[in-house]
Amino acid sequence: MVNLRIILVNPEYQQNIGYCARIIKNFGFNDLWIVSGPKIGQEAIKYSKHAADVLNNVKAVKSLDTAIKDCSIVIGTTAIEAAGKNILRNSITPKELTKQIKGNSEKVAILIGSEGKGLDVKDLEKCDIIVRIPANEEYGTLNISHAIAIILYELNQKRIGEPRSSDFIDPHDRKFLISSIDSAVSKMSGLKNSNTIKLAVRRVIYRGVRSPIEGRALIQFLKNLNKNKK
């Protein structure tokens, strides 16, 4: 099972927090964090039904940075369909997400934005992968508890041949790749969209570079590239 943390960012209603706790327990998870949300009271407990234990163990913090500090992969959610140049919201489906992180032993965070506004730009910039649930084009915004249910359902499915954690790129190698490319982009002159390029590269690495062999091959390439420049 994925080592998963659910983070509610600026949730507005106790009722929805209770529903979210119930869903999280339904699928066998228990690590719930709340960033700048209302204090948990009787209404949240009422709607959590038999998941009061999840609410009792909630970590309430004031900043998203605190909530994701020890997470290796940060997954954002959005109801806005985007493609092309909109790197910030380029997304995959929950089913595709399963293929990316199933069997991974790293701490994975899923961010769910507020009922009214979702995740803001600064939150999305902290995300390595963006997930969107395909829905009716006329009204595609789901209640936060419903969104959690769909994502956790996909992650909870038993699949034959599920990859072992050893089949994934080492987190230190991935960090080296991203920092090396960030450094190279920063040194390039005349780039007006360097931050967008860095974000795009990070998203590509998280979505596409999964195995240790791929990671080591890219690291070797970058090291040899730097040597040749000298």
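Of the 230 residues of the protein chain, 43% count as buried. The model is a predicted one.

Me: How many helices and strands does the protein chain have?

Reply: The secondary structure comes to ten helices and six strands. As for contacts with a separation of 6 or more, residues 24 or more positions apart account for 85% of them.

Me: What should the 13 residues of helix α1 span, and how far apart are its end C-alpha atoms?

Reply: Helix α1 covers residues 14-26, and at 1.5 Å a residue its 13 residues should span 18 Å. The end C-alpha atoms of α1 are 19 Å apart, which agrees. After α1 comes G28, whose phi is positive, near 85 degrees.

Me: What describes two packed helices?

Reply: The angle between their axes and the distance between the axes describe such a pair. Take α1 and α7: they pack at an angle of about 10 degrees, and their axes are 8 Å apart. Angles under 35 degrees count as roughly parallel, so α1 is roughly parallel to α7. The crossing of α1 and α7 is right-handed.

Me: Which residues of α1 and α7 meet, and of what class are they?

Reply: From α1, the residues are N16, Y19, C20, I23 and I24; from α7, they are I144, S145, I148, A149 and L152. By class, this contact of α1 with α7 has eight nonpolar, two polar and no charged residues. Of the α1 residues named here, N16, C20, I23 and I24 are also among the buried ones.

Me: At what angle do α5 and α7 pack, and how far apart are their axes?

Reply: Helix α5 (residues 94-101) packs with α7 at an angle of about 45 degrees, and the axes are 9 Å apart. That angle makes α5 oblique to α7. Here too the handedness can be read: α5 passes α7 in a right-handed crossing.

Me: Which residues of α5 and α7 meet?

Reply: P94, K95, L97, T98 and I101 in α5 meet I150, I151, E154 and L155 in α7. By class, the contact of α5 with α7 has six nonpolar, one polar and two charged residues.

Definitions and conventions
Residues numbered from 1 in each chain as written. Predicted model: local features only at pLDDT ≥ 70, side-chain atom pairs only at ≥ 80, totals over all residues. Heavy atoms only, no water. Helix = DSSP H or I, 4+ residues; strand = E, 2+ residues; numbered from the N terminus. Expected span 1.5 Å × (residues − 1). Buried < 20%, exposed > 50% of the residue type's maximum accessible area, 1.4 Å probe, protein only. Axes fitted to C-alpha atoms, helices over the stretch in contact; angles between N-to-C directions. Parallel < 35°, antiparallel > 145°, perpendicular 65-115°, else oblique. Left-handed = near helix turned anticlockwise from the far one by under 90°. Contact = heavy atoms within 4.5 Å. Nonpolar A, V, L, I, M, F, W, Y, C, P; charged D, E, K, R; others polar.
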